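Subject: Structure handover

Hi,

Here is the structure I promised to pass on. Please load it first, then read the notes below.

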Amino acid sequence: MTATSRGGVREAPQGRRVASDELAGDDRYSRQSRFWAIGPAGQERIRAGHVVVVGCGALGSADISLLARAGVGRITVVDRDFVELSNLQRQLLFEEADAVAGVPKAIAAARAVARINSSVEVRPFVADVTAANVEGFVAGADVVLDGTDNFETRYLVNDACVKQGVPWVYGGAVGSTGMSMTIVPGETACFRCLFPAPPPVGSMETCETAGVLAAGIVTIAAIQAAETLKILVGDRDNRSPGLTAVDVWTNDHVQAEGRLREPACPCCGQRRFEYLDAVATSRTASLCGRDAIQVSPGKAQSLDLAGLGHRLEATGPVTVSDYLVRCRADGHEMTVFADGRAIIKGTSDLAVARSLYARYVGI
Ligand SMILES: [Zn+2]
């Protein structure tokens with residue numbers, strides 16, 4: 001599923017027609033290209049750049065806003081979820097109407113970028129990033145940005161980026177704190193050098209248990225966006241040298257010196273890509289910060305959403321859009337996407353979610 005926003009004639013707020021050549025004038029990026037490390041040549045590299053943002057929640061949303069305004073020419077956004085009211089406190093690209101309509105975040109992000117900077121080409125994908133598709137998303141990117149909320153996806157991104165030699169910028173935030181690290185395969189430590197194994201389930205604070213401040217997230221997104229511009233313009237000397245940790249409430253700021261690459265690292269040391277090679281990927285996952293479970297089919301589908309919606313009408317009210325079908329399933333809200341995934345709200349029980357999926361979707 002792709003959509004593209006390009007220049008064209010559009011309605012100005014006062015009703016005046018604005019031609020695309022007015023929007024592409026020299027003035028647009030003048031304050032940025034005047035900055036000593038960018039200049040006209042750097043601005044051209046930014047325009048020619050392709051950035052892939054994996055996950056479009058709070059971090060990804062702020063990343064995309066900054067990079068679209070900076071004039072990054074192509075942005076690919078991948079996200080598996082849809083907009084809800086509780087997102088609006090921190091997910092800067094989305095508005096109330098997106099939450100009311102339950103628009104997939106990747107689609108809402110593409111629409112927002114079209115309003116911010118119509119010269120940016122956006123490719124939105126409503127999809128879960130898995131071992132089966134992550135290499136395809138990373139291929140051809142100049143930089144990949146981490147907007148995810150879970151370790152499993154970060155290890156997948158790390159494997160794919162190290163394998164293909166694509167730089168990526170890790171980011172994470174919870175409470176008032178956040179962390180970021182720039183990973184350049186062949187030069188810096190990778191994510192697995194730093195975190196060899198995922199933390200035990202339940203051992204980490206989440207946005208659900210500790211809450212999260214938008215200010216902390218946006219601080220990390222700003223660091224990720226700056227690192228992205230440094231990579232695009234080729235300023236190797238000023239890249240962040242290691243792990244950055246910031247607490248916007250207690251004012252702690254830690255810049256850890258870059259740890260050397262770990263020769264025994266399975267990923268960048270031995271080039272064993274264990275997460276990419278994982279034969280069995282989980283069919284169910286609980287979603288961070290949500291009383292909800294995602295159920296995925298074994299392999300991506302291409303559902304006839306209108307047909308599914310029609311069948312589900314027998315069970316009660318059904319909403320069908322171009323991207324999803326929403327219904328009530330035994331008192332739970334179930335949202336089914338065209339790739340066959342479903343998000344079932346109001347339960348944290350994997351078995352309950354799988355059972356509802358089998359009964360209502362039946363893949
Ligand atoms: Zn490594």
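What spacing do the donors of the zinc ion follow along the chain? The pattern is C-x2-C-x71-C-x2-C. Keep in mind that this is a predicted model.

**Zinc site**

The donor atoms are the SG atoms of C190, C193, C265 and C268. They coordinate the zinc ion at 2.3 to 2.4 Å. The angles they subtend run from 93 to 121 degrees, which makes the arrangement tetrahedral. For reference, the ideal angle for four tetrahedral donors is 109.5 degrees.

Where do C190 and C265 lie in the chain? C190 sits in the loop between β8 (177-183) and α9 (191-194). C265 belongs to the loop between β10 (253-255) and β11 (284-286). The two are 75 residues apart in sequence, so the pair ties together separate parts of the chain. Both C190 and C265 are buried.

One stretch can be followed strand by strand. Start at β7 (residues 168-174), which runs antiparallel to β8 and is joined to it by seven bridges. Here G172 has M179 of β8 as its bridge partner. Next, β8 and β9 are antiparallel, with five bridges between them. M179 is partnered by A245 in β9. Then β9 pairs with β10, again in the antiparallel sense, over three bridges. A245 has V254 as its bridge partner in β10.

β9 itself is mostly covered, with four of its five residues buried.

**Helices on the sheet**

**Helix α13**

Helix α13 covers residues 350-360, and its buried residues are A353, L356, Y357 and Y360. Seen down the helix axis, these fall within an arc of 100 degrees, so they line one face of α13.

What covers the buried residues of α13? The cover includes α12 (305-312) and the strands β12 (292-295), β14 (324-329), β15 (332-337) and β16 (342-345). Just after the helix, G362 takes a positive phi of about 70 degrees.

Most residues other than glycine have a negative phi. Two residues here are worth checking against that.

- N251 has a positive phi, near 70 degrees. N251 is in the hairpin of β9 and β10, which has five residues between the strands. Is N251 buried or exposed? N251 is exposed, at a relative accessible area of 65%.
- R271 also has a positive phi, near 50 degrees. R271 is in the loop between β10 and β11. With a relative accessibility of 45%, R271 counts as partly exposed.

**Two more residues**

E333 is in strand β15. The C-alpha atoms of E333 and I344 are separated by 5.9 Å, while the two residues are 11 apart along the chain. Which residues does E333 touch, not counting those up to four places away in sequence? The contacts are F82, R326, C327, R328, I343, I344 and K345.

S65 is found in helix α4 (residues 58-70). S65 is buried, with a relative accessible area of 13%. Leaving aside neighbours within four places in sequence, S65 is in contact with L93 and I116.

Best wishes

How values were computed:
Residues are numbered from 1 along each chain as its sequence is written. This is a predicted model: local features need pLDDT of at least 70, side-chain atom pairs count only at pLDDT 80 or more; totals for chains, interfaces and linings use all residues. Side-chain values use heavy atoms; hydrogens and water are left out. Donors are N, O and S atoms within 2.8 Å of the metal (3.2 Å for Na, K and Ca); water is not among the atoms, so sites may look incomplete. Four donors count as tetrahedral if all angles lie between 85 and 135 degrees; four count as square planar and six as octahedral if opposite donors are over 155 degrees apart and all others between 65 and 115; anything else is irregular. Buried means under 20% relative accessible area, exposed over 50%, partly exposed in between (1.4 Å probe, protein chains only). Two strands pair if DSSP finds at least two bridges between them. The arc is that of the directions from the helix axis to the C-beta atoms. Contact means heavy atoms within 4.5 Å.
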